Amino acid sequence: MRYPTQVAPGLAWIGVMLPYTPIHWLLFHEAAGRPEGLAWMNQSQPFSLVMTSANRGGEPLVIGNGEAVVELAGIADAFLMHDRDILIRCDDSVVRMNVAGPQFIRRARGATPRAIQLADAGPSVLALGGWFKNSVCLTRGDQAFVSQHIGDLDNAGTCNFLMETVAHLCSVLEIEPERVAHDLHPDFFSSQFAQSFAAARGLPIAGVQHHHAHIAAILAEHGVAGPVLGLALDGVGLGVDGTAWGGELLRVDGARFERIGRLRPLSLPGGDKAAREPWRMAAAVLHELGRTAEIASRFASEPAATTVAEMLSLSINCPATSSMGRVFDAAAGLLGVRAKSAFEGQAAMLLEGLAESRPAVPPLQAGWRLDKDGSELDLRPLWSSLVSVRAPAYGARLFHDTLAAALIDWVVHAARKRGLNNVVLGGGCFLNHILSGSLALGLTAHGFQVWMATRLPPNDGGIALGQAWVAQRTAPTEVVL
């Protein structure tokens with residue numbers, strides 16, 4: 001299918017949907033030239049319509065006529081009103097196929113709050129999810145009800161939407177929570193709301209580590225008890241040691257987990273700002289390779305390049321992270337794919353799009369190293385190769401295929417060392433089609449049973465289920481670490 005380059009520029013995939021409301025059909029009928037009869041409805045048309053939700057970027061859907069006139073003033077050229085009120089905000093669901101079958105990118109309309117059957121019954125838990133792509137979960141007996149996509153909790157509107165959603169779920173499902181669960185990060189609005197909700201009702205509360213929740217969500221969905229080896233790859237989650245995790249090997253056994261491996265940490269020059277500016281992560285890689293002197297010239301168009309080089313040299317405001325999301329950012333920065341991201345995950349998505357544009361390449365020989373006990377994966381050999389690559393598409397493909405081979409090697413070593421046959425792949429990086437497919441096929445070929453998210457997104461849109469599942473298995477007075 002060909003589509004205008006203005007629609008999702010640089011991405012390898014585009015979502016489409018069939019018309020499902022009368023207004024959709026009326027718009028298509030008008031665009032088709034008002035054909036007579038109904039036969040045109042079963043014919044393909046030589047055009048598509050581009051639609052978007054009625055909201056400002058990052059804010060919740062606008063659902064009221066009066067609200068729309070105020071909030072969308074200066075954005076919409078015209079308003080089509082209706083006398084039938086919308087009661088609940090709910091985005092369209094987004095799904096695509098991977099090796100495991102359909103995979104949710106966003107779970108909302110048509111899928112929520114359809115119950116997810118759990119293997120065992122337990123106390124009713126309200127789990128508040130994380131910060132990005134928030135959703136909440138409410139359990140009843142052996143069923144879990146995960147809300148529609150709420151969004152990133154970085155504005156008042158979305159935070160209010162979270163509270164609306166909790167009240168609605170409790171009311172419509174007639175559930176009084178007995179426990180509350182949340183992410184360990186104390187600054188998340190979801191964590192703060194969990195504390196106030198529990199305190200107001202005198203309920204026990206459990207903090208669940210972010211990556212434990214990623215793996216637990218998949219265990220809950222598939223009714224797998226454990227122990228399992230979990231590979232959690234995402235942008236960031238607060239670790240129990242207070243550092244930023246995101247590339248983790250975990251041994252998970254129900255409400256307990258052990259961190260048994262991590263990616264070799266990279267510096268975050270400028271802290272959270274590095275997550276929004278991939279060139280900074282590329283600079284961190286050059287520093288790791290002993291090439292700090294090249295940062296200023298390689299990123300001469302960035303006014304802060306010299307300062308970043310000095311920060312890295314002096315270890316000033318450069319916290320460490322094991323995040324796989326930042327690894328993707330670093331690759332994008334080194335290959336000149338994206339210097340600064342306009343939205344979360346953009347650099348990684350563009351890098352994937354470039355890699356999809358060409359066939360697979362042989363993984364770089366000796367492109368990674370494991371330390372002597374196999375607990376830490378070191379990608380510096382791959383970085384050394386990418387620094388000199390001049391063809392971004394080739395570099396993007398080499399990065400993906402070498403990274404997949406490295407992760408398979410790492411997982412196989414750890415799983416066999418501990419006698420584990422079940423491997424769980426969770427976290428937002430598994431929305432990457434190349435990475436998720438390569439790992440699932442490669443690990444299956446090594447004889448492992450591989451579990452992936454299918455009924456929820458693998459990213460933070462699914463962690464509320466994992467939080468609830470862990471909290472059900474935790475003593476009421478205990479805080480999970």
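These legends describe close-up views of a predicted model.

**View 1. Serine 124 sits in the loop between β3 and β4.** Serine 124 counts as buried, because its relative accessibility is 6% and the cut-off for buried is under 20%. Apart from neighbours within four places in sequence, serine 124 touches Leu138, Thr139, Ile175, Glu176, Pro177, Glu178 and Arg179. Leucine 138 is 14 residues away in sequence, with a C-alpha to C-alpha distance of 7.0 Å from serine 124. A polar atom of the serine 124 side chain lies 2.7 Å from the backbone oxygen of threonine 139.

**View 2. Helices α10 and α11 pack at an angle of about 65 degrees.** Helix α10 covers residues 324-334, and helix α11 covers residues 346-356. Their axes are 8 Å apart. The crossing is left-handed. From α10, the contact uses Phe328, Asp329, Ala331 and Ala332. From α11, it uses Ala347, Ala348 and Leu351. Of these residues, 6 are nonpolar, none is polar and 1 is charged.

**View 3. Arginine 89 and glutamate 67 form a salt bridge.** The N to O distance between the side chains is 3.4 Å. Arginine 89 is buried at 13% relative accessible area. Glutamate 67, at 30% relative accessibility, is partly exposed.

**View 4. Glutamate 302 pairs with lysine 340 in a salt bridge.** The side chains meet at 3.5 Å, N to O. This pair links distant parts of the chain, 38 residues apart. Glutamate 302 is in the loop between α8 (295-298) and α9 (305-314). Lysine 340 is in the loop between α10 and α11. Glutamate 302 is buried, at 11% relative accessibility. Lysine 340 is partly exposed, at 40%.

**View 5. Arginine 280 and glutamate 277 meet in a salt bridge.** The N to O distance is 2.7 Å. Arginine 280 and glutamate 277 are both buried.

**View 6. Arg262, Arg264, Glu288 and Glu376 are linked in a salt-bridge network.** Side chains of opposite charge can pair when their charged atoms come close. The structure holds 19 salt bridges.

Note on methods. Residues are numbered from 1 along each chain as its sequence is written. This is a predicted model: local features need pLDDT of at least 70, side-chain atom pairs count only at pLDDT 80 or more; totals for chains, interfaces and linings use all residues. Side-chain values use heavy atoms; hydrogens and water are left out. Helices (H or I, at least four residues) and strands (E, at least two) are DSSP runs, numbered from the N terminus. Buried means under 20% relative accessible area, exposed over 50%, partly exposed in between (1.4 Å probe, protein chains only). Contact means heavy atoms within 4.5 Å. A polar contact is a pair of N or O atoms within 3.5 Å; within protein, one must be able to donate a hydrogen and the other to accept it, and residues adjacent in sequence count only if both atoms are side-chain atoms. Axes are lines fitted to C-alpha atoms, for helices over the stretch in contact, and angles run from 0 to 180 degrees between N-to-C directions. A crossing is left-handed if the near helix is turned anticlockwise from the far one by less than a right angle, and right-handed if clockwise. Ala, Val, Leu, Ile, Met, Phe, Trp, Tyr, Cys and Pro count as nonpolar, Asp, Glu, Lys and Arg as charged, and the others, Gly among them, as polar. A salt bridge is a side-chain nitrogen of Lys or Arg within 4 Å of a carboxyl oxygen of Asp or Glu.
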